[in-house]
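Subject: Handover of a structure

Dear colleague,

Please find the structure below, followed by an account of what was found in it. I would be grateful if you could read the two side by side.

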Amino acid sequence: MNSRDRSLALLVALLWGLNFIALDFGLGQFPPFFFAGLRFAVLLPLLLFIPKPDVPWKWLIGYGLFFGTLQFAFLFVAMNIGMPTGLASLVQQASAPFTVVLGALLLREKLSPVQVIGILTAVLGMAVIGWHRAQSAALLPMLVTLCGAFSWALGNLCGRKANPQNPLHLTLWISIVPPLPMFALSAAVEGPTAGWHALATAFDSTTGLYALCGLAYTSLLATIIGSGLWTTLMGRYPASRVAPFSLLVPVVGFTAAWLILDEHPHPLELAAGAVVVVGVFLGSLNLTARRRAPALTPEVEQAA
């Protein structure tokens, strides 16, 4: 991965890590399922001006189903039955090793030894944070969150198989998938009028205004820009090269919560976060290509 694309992957991790602050604001006003559907529903009017990407419907719907719908459905169910928010943001990043394994099994993608070491290092750091935070967490919410992480991994593979010429168009068009099932879940679980009442009263309080700002952030920055860049990188590189960057999301989330919400992480979590950063950097390297470069003949180098 070149320096520019590595910087873009870091930008995605930054946007998605800060997204947990936006979600915290949004969930202060809106019920979870309704908020998850609303974040995609507000993007639907843009489809009047954006042509459908030239990708098979099965990959578009699959991306919207796994990445946009099931991931958040499982995540919010887990949070509703007792999964702590900080731990949920961490466990959800199990999508990275899931994506690497699925990419190797289903897409026949190969890993270099350095990538394997980097991914295992990042997973080790994430596991240390998870172990520290899981002392007071129940097993069932964690398993449900892992189902959400697995759904994200399947969505990553669908996005890679779609490989659109304009990834932003794909990111916008998957918005047709989540709203209907999410609003149906909201009506069944949260009540048929709860979400709409929260939306109607959002302008009446400071909490509601913060929630609308959170909605704007998660829809425009986290979904359009973040997911658009992520889809671009997933189409440009093997899944194993890109997926480890998602392990940086909880590191950004912990830091943002520390600076914005005054939540102080444990020193062990800070050290483990540094391990995750090192592992992600190693996982993004392509040392094999660098070793092969000197083998080029002068004629080939001159032609290049």
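What covers the buried residues of α2? The cover includes α1 (3–27), α3, α9, α10 (194–200) and α11 (206–236), as judged by contact, meaning heavy atoms within 4.5 Å. Among the buried residues of α2 are F33, F34, F35 and R39.

Some notes on the source are needed at this point. This is a predicted model, in which local features need pLDDT of at least 70 and side-chain atom pairs count only at pLDDT 80 or more, while totals for chains, interfaces and linings use all residues. Residues are numbered from 1 along each chain as its sequence is written, and side-chain values use heavy atoms, with hydrogens and water left out.

The chain as a whole

The chain has 16 helices and 0 strands; helices (H or I, at least four residues) and strands (E, at least two) are DSSP runs, numbered from the N terminus. Of the 304 residues in the chain, 50% are buried. Among contacts with a separation of 6 or more, 91% are between residues 24 or more positions apart. The chain exposes about 14,000 Å², with carbon and sulfur atoms supplying 70% of it; accessible areas come from the Shrake-Rupley method with a 1.4 Å probe.

The packing of α3 and α9

Helix α3 (residues 57–80) and helix α9 (residues 179–190) pack at an angle of about 25°, with their axes 9 Å apart. Axes are lines fitted to C-alpha atoms, for helices over the stretch in contact, and angles run from 0 to 180 degrees between N-to-C directions. The two helices, α3 and α9, are therefore roughly parallel to each other, a term for angles under 35 degrees. In this packing, G68, T69, F72 and A73 in α3 meet P181, M182 and L185 in α9.

Individual residues

N163 has a positive phi of about 45° although it is not a glycine. Most residues other than glycine have a negative phi. N163 lies in the loop between α7 (139–162) and α8 (167–173), and is partly exposed, with a relative accessible area of 45%.

As for cysteines, C147 counts as partly exposed at 35% relative accessibility, whereas C213 is exposed at 52%. The count of disulfides, defined as pairs of cysteine sulfur atoms within 2.5 Å, comes to 0.

With kind regards

Conventions
Parallel < 35°, antiparallel > 145°, perpendicular 65-115°, else oblique. Buried < 20%, exposed > 50% of the residue type's maximum accessible area, 1.4 Å probe, protein only.
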